Amino acid sequence: MSFILFAEQVLNGLQFGVMLFLMSAGLTLVFGVMGLINLAHGSLFMIGAFAAAAVAGLTGSFVLALMAALAAAAAAGALVEVLVIRRLYDRDHLDQVLATFALILIFSEGTRWIFGSFPLFLNIPDYLSGPVTLPGGIQYPLYRLTLIGIGLAVAVGLFLLISRTRLGIQIRAGESDREMIAALGVDISKLYTIVFALGAALAGLAGALVGAIQSVQVGMGEPVLILAFVVIVIGGIGSIKGALIGSILVGLTDTLGGLFMPALFALFMDNSSAATAGSALASMLIYILMAVVLIVKPSGLFGARA
Amino acid sequence: MTRERKINAGLALALLAFPLWAYFANEPFMITLATKVAILALAGVGLNIALGQGGLVSLGHAAFFGIGGYAMGILASHAQTFDPIAEWPFLIEGTKSMPIIWIVAVLTSGLAALLIGALSLRTSGVYFIMITLAFGQMFYYFAISWPTYGGEDGLSIYVRNGFPGLNTLDPIQFFAITFVILMLAMGFAAMLAKSPFGLALNAARQSPQRVETVGMTPYRLRLVAFVISGMITGLAGALFADLNRFVSPTMFSWQTSGEIMVFIIIGGIGRLYGPLVGAALFIALEHILGGLSDYWHIYLGVLLLLIVLFARGGVIGSLAGRGHAHD
């Protein structure tokens with residue numbers, strides 16, 4: 001196995017990781033501040049991708065498509081928060097799971113109704129397509145490199161938002177004591193809508209960005225949602241730092257596992273069965289990682305509470 | 001007899017009467033629908049032990065449903081090709097006998113529930129939901145990427161497995177098997193709820209601290225409940241695979257977990273007959289709305305949302321009023 005292949009896979013893992021971060025950041029914020037488990041977060045990912053594909057198809061502009069994705073997902077998030085989610089904050093987790101499961105059904109079938117069952121395609125714009133040569137002679141697609149850049153920029157932006165702005169202070173205060181900040185005169189229901197829409201916008205952005213390297217189709221959000229859950233379990237609920245580190249761990253484990261597990265099994269098995277067993281085990285690797293974290297630290301790497 | 005008991009008796013009779021009507025009206029497809037209801041209700045009865053009695057919101061019960069299904073698929077496919085499953089350290093051959101398949105399905109899904117439960121029950125609340133969901137998804141991806149038993153395409157079994165003395169290919173006879181198993185499982189669930197174990201489990205759901213104070217371990221109670229729950233759902237998986245004569249990774253998908261939970265919620269959580277009502281309504285909706293519109297899941301979603309937001313006791317709760325669960 002050459003160094004170049006390895007470096008490429010590390011970059012792929014990193015790219016996958018930062019996209020997972022965009023998903024899990026919103027999810028963990030919503031849980032941390034409102035105490036809500038939102039299964040419909042994957043639907044917001046899907047809405048972002050569909051909005052981007054539709055706008056790119058109409059205008060041909062990738063930047064407009066991304067803005068449409070952000071706007072559509074944030075608007076859908078705010079709407080859902082006001083109509084449904086708001087009634088769930090005081091309910092137990094079972095009700096939250098069921099109501100957001102119902103939202104998935106409505107969003108998925110609604111999207112299928114509007115756009116049909118066939119996947120849409122979102123093209124990478126010309127100025128971002130093609131490979132770039134990195135130090136060490138590694139050829140890597142510019143678009144994927146851009147995704148890593150955007151993901152890391154969003155991470156930095158979120159850290160600054162949470163630690164430096166007034167909204168960030170309110171979010172942190174909301175995490176630790178919601179009655180108290182309501183008593184101090186913060187409009188808590190407006191804050192909740194903003195946090196939910198912010199998380200939704202991040203999911204929509206991730207959907208649009210990933211949509212350009214996959215096909216845009218109904219049901220694309222749920223596999224990512226479940227991976228985001230794994231990330232949150234590993235990183236610890238409510239922690240943005242945990243979400244970032246967990247995402248990158250999961251991204252790298254998944255990508256490198258697919259590369260190394262068959263090779264590892266080939267050491268003591270014949271090639272074809274090693275490929276079979278290796279890839280089957282590689283598909284389980286991130287869940288094994290999650291199990292190990294659970295055994296060592298049940299509240300996650302950076303979780304305050306279990 | 002309380003009001004809920006009368007409703008329950010009526011429901012059991014209705015589940016029996018419907019396929020008998022279909023039998024005499026010569027509508028074999030309706031018998032198959034009733035069989036499907038009985039099997040899905042059985043899966044719900046399993047989950048209801050964890051969810052209703054133990055308060056464990058498991059969103060990963062598709063894992064056990066799928067393991068039961070694959071237990072049937074693997075055993076029957078080996079019997080079909082006369083190719084032993086293992087020759088070393090001792091000979092294991094495939095089988096087409098339902099009772100043996102059921103035992104294997106119950107044991108393997110129980111073992112999986114023990115492993116998943118031992119890990120996930122270290123946490124609670126929202127962590128537990130996410131972890132069970134993730135472990136369910138792990139089995140899904142494993143089934144897809146393991147090509148020996150069909151991988152993504154699944155596995156077809158050409159002839160339904162046999163039960164001594166019955167012709168299982170006759171829809172009404174296969175229905176009878178599933179009906180008897182469902183009634184036995186519901187009887188078992190009712191007995192469990194009233195047993196000292198069930199009472200302790202119920203107490204652990206309501207107040208874990210108090211249970212600990214009197215010297216019992218909530219973790220152990222919950223783990224036992226989770227394993228029993230997984231076993232019953234696994235048995236339902238084996239029957240479901242036999243109904244369709246087909247297993248595929250879809251049985252492991254997270255939607256399956258969600259749907260099993262939906263049966264319980266529509267019917268009424270913690271109610272003995274809740275899963276039966278929920279499964280029956282679900283299949284009826286699928287059949288009626290599915291015929292009207294390809295997008296019937298929208299209506300299901302809206303219905304579910306309304307039940308969660310406004311009718312928290314489910315159907316049985318609205319009919320029988322509030323009361324003690326399992327009374």
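A residue is called buried here when its relative accessible area is under 20%, exposed when that area is over 50% and partly exposed in between (1.4 Å probe, protein chains only). By that rule Thr111(A), with a relative accessible area of 9%, is buried.

This is a predicted model, in which local features need pLDDT of at least 70 and side-chain atom pairs count only at pLDDT 80 or more, while totals for chains, interfaces and linings use all residues. Residues are numbered from 1 along each chain as its sequence is written, chains are lettered from A and ligands numbered from 1 in the order in which they are written, and side-chain values use heavy atoms, with hydrogens and water left out.

**Chain A**

Thr111(A) belongs to helix H4 (residues 93–115) of chain A; helices (H or I, at least four residues) and strands (E, at least two) are DSSP runs, numbered from the N terminus. When residues up to four places away in sequence are not counted, Thr111(A) touches Met46(A), Phe50(A), Gly116(A) and Val218(A), a contact being heavy atoms within 4.5 Å.

In helix H6 (residues 166–176) of chain A, the residues Gly168(A), Ile171(A) and Gly174(A) are buried. They cover an arc of only 120° around the axis, which puts them on the same side of H6(A), the arc being that of the directions from the helix axis to the C-beta atoms. An α-helix has 3.6 residues a turn, so residues three or four places apart point the same way. The buried residues of H6(A) pack against helix H1 (3–34), helix H5 (142–164), helix H7 (178–183) and helix H8 (188–211) of chain A, whereas the face turned away from the buried side of H6(A) carries the exposed residues Arg166(A) and Ser176(A).

**Chain B as a whole**

The secondary structure of chain B comes to 13 helices and two strands. With a radius of gyration of 19 Å, close to the 20 Å that the globule rule gives for 327 residues, chain B is as compact as a globular protein of that length; the radius is taken over C-alpha atoms, and the rule is 2.2 Å times the number of residues to the power 0.38. The C-alpha trace of chain B spans about 55 × 50 × 40 Å along its principal axes, and buried residues make up 55% of its 327 residues. Of the contacts in chain B between residues at least 6 apart in sequence, 77% join residues at least 24 apart.

**Aromatic rings**

Over all chains the structure holds 19 aromatic pairs, where rings of Phe, Tyr and Trp (its six-membered ring) pair if their centres lie within 6.5 Å, and planes under 30 degrees apart count as stacked, over 60 as edge-to-face and the rest as tilted. Two of the pairs are set out below.

| Pair | Geometry | Centre to centre | Between the planes |
|---|---|---|---|
| Phe64(B) and Phe226(B) | edge-to-face | 5.7 Å | 85° |
| Phe263(B) and Phe282(B) | edge-to-face | 5.2 Å | 75° |

Because Phe64(B) lies in helix H3 (residues 62–81) of chain B and Phe226(B) in helix H9 (residues 218–244) of chain B, their pair ties together parts that are 162 residues apart in sequence. Phe64(B) is buried at 1% relative accessibility, and Phe226(B) is buried with a relative accessible area of 1%. Together with Phe128(B), Phe64(B) and Phe226(B) form one aromatic cluster.

Phe263(B) lies in helix H10 (residues 254–267) of chain B and Phe282(B) in helix H11 (residues 274–292) of chain B, so this pair ties together parts that are 19 residues apart in sequence. Phe263(B) counts as buried at 1% relative accessibility, and Phe282(B) is buried with a relative accessible area of 4%.
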